[in-house]
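Colleague: Hi! Could you walk me through this one?
Modeller: Happy to, here it comes.

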Amino acid sequence: MKNKKSRDKRRTSLFIFFCIFIFIAAGLFAYFAFKKIEFNPAEFFNNSSPQVTQRPEEPAAADDEDAAPPQDETDEYAAVPFYLHEKRSRYISYHAMRPTLGIETIVWHVNADLHLTMFEDAKILDDENPLLVNPFNRLPETYEPAELVEVDSYGRLVTPETRTAFFLLRDAIRLEGYDVSVQSAYRTYEYQAGLYERSGGSGTVAPPGFSEHHTGRAVDLWGPGGLLDNDPGKPPSNEGIWVANNCHRFGFIVRYPAGADHITGYPYEPWHITYVGEEISNAMHVQNILTLEEFLAKNPGIKK
Ligand SMILES: [Zn+2]
């Protein structure tokens, strides 16, 4: 009788302990679940106040070319939409040289290599069909466009896309009662070298390798009085005005606009149009950007 009583008592105590244990366990579970902290027994028993697990602190980004872009929104360069982190140190040194320029101008100038010396610091292009040929990007002597076709009865050559676009442009200008023809198109490296030599390095003729005519996408237009609007002393012709206002509809741009020598390397050439494709020519028109250099610098996702 006595044994049964003490056994019952032990059972009751065990049951109470079991209940308390379950109660504490459930309480702890609810606590950690609520605080969203991971339960780490070692940490919990060594430290009276459980710590919220934190991500280890990110190592400070070094200011070199491989580091990730900083997330600091107060950084004036990084806030520019076409900021390129790998050019960061160049933005800073160019800004020190040109302190009066605005931040956006600093960023796109450096993106366009304008901090370098024209014709001296040029990169040699190795693409099959490079878009940007200018005083900072030259074609190798061996460069040949993949395909060239005749654009007139004199056997002048351009790329097939350039010819198609040029014929559409010419049909459209003829509908207006005007006309233009091709005065110069594709030029070989050797031909350009001869032109350059004869010009005496005057600055209006590109040195060999630097000429867009070498790409087969550039065309010099002949207007009613000769090379289209070649005389800056005369007001622009109807043909010149039409070409300037409409060539983008056919994928062309007036490649060397007035007052942009410091960007393109050349004075105004109203006769020189370059086929860049309608996507780019229309985007430049919509964004009101006159030079290919500025457009590509502000749209760094586009393949040059
Ligand atoms: Zn030209």
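Colleague: Thanks! Where is Ser-199 found?
Modeller: Ser-199 is in helix H6, which covers residues 189-199. Keep in mind that this is a predicted model.

Colleague: Is Ser-199 buried, exposed or partly exposed, and why?
Modeller: Ser-199 counts as partly exposed because it has 13 C-beta neighbours inside 10 Å; a residue with 12 or fewer would be exposed, and one with 20 or more buried.

Colleague: And what does Ser-199 touch?
Modeller: Leaving out residues up to four places away in sequence, Ser-199 touches Thr-204 and Val-205.

Colleague: New topic, the largest nonpolar core. Which residues touch the most other members?
Modeller: Those are Cys-247, Phe-252, Ile-253 and Ile-273, out of 44 residues in that core. Elements giving two or more residues to the core include helix H5 (160-175), strand S8 (252-256) and strand S9 (269-275).

Colleague: Which domains does this core draw at least three residues from?
Modeller: Domain 2 (76-111) and domain 3 (122-298) each supply at least three.

Colleague: Back to Cys-247, what does it touch?
Modeller: With residues up to four places away in sequence set aside, Cys-247 touches Leu-169, Phe-252, Ile-253, Val-254 and Ile-273.

Colleague: How about S8, why is it largely enclosed by the rest of the structure?
Modeller: Because five of the five residues of S8 are buried.

Colleague: In which sense do S8 and S9 pair?
Modeller: They pair in the antiparallel sense, over four bridges.

Notes. Residues are numbered from 1 along each chain as its sequence is written. This is a predicted model: local features need pLDDT of at least 70, side-chain atom pairs count only at pLDDT 80 or more; totals for chains, interfaces and linings use all residues. Two residues are in contact if their C-beta atoms, placed from the backbone, lie within 7 Å. A nonpolar core is a set of buried Ala, Val, Leu, Ile, Met, Phe, Trp, Tyr and Cys residues joined through C-beta atoms within 7 Å. Domain bounds come from an automatic or database domain assignment. Two strands pair if DSSP finds at least two bridges between them.
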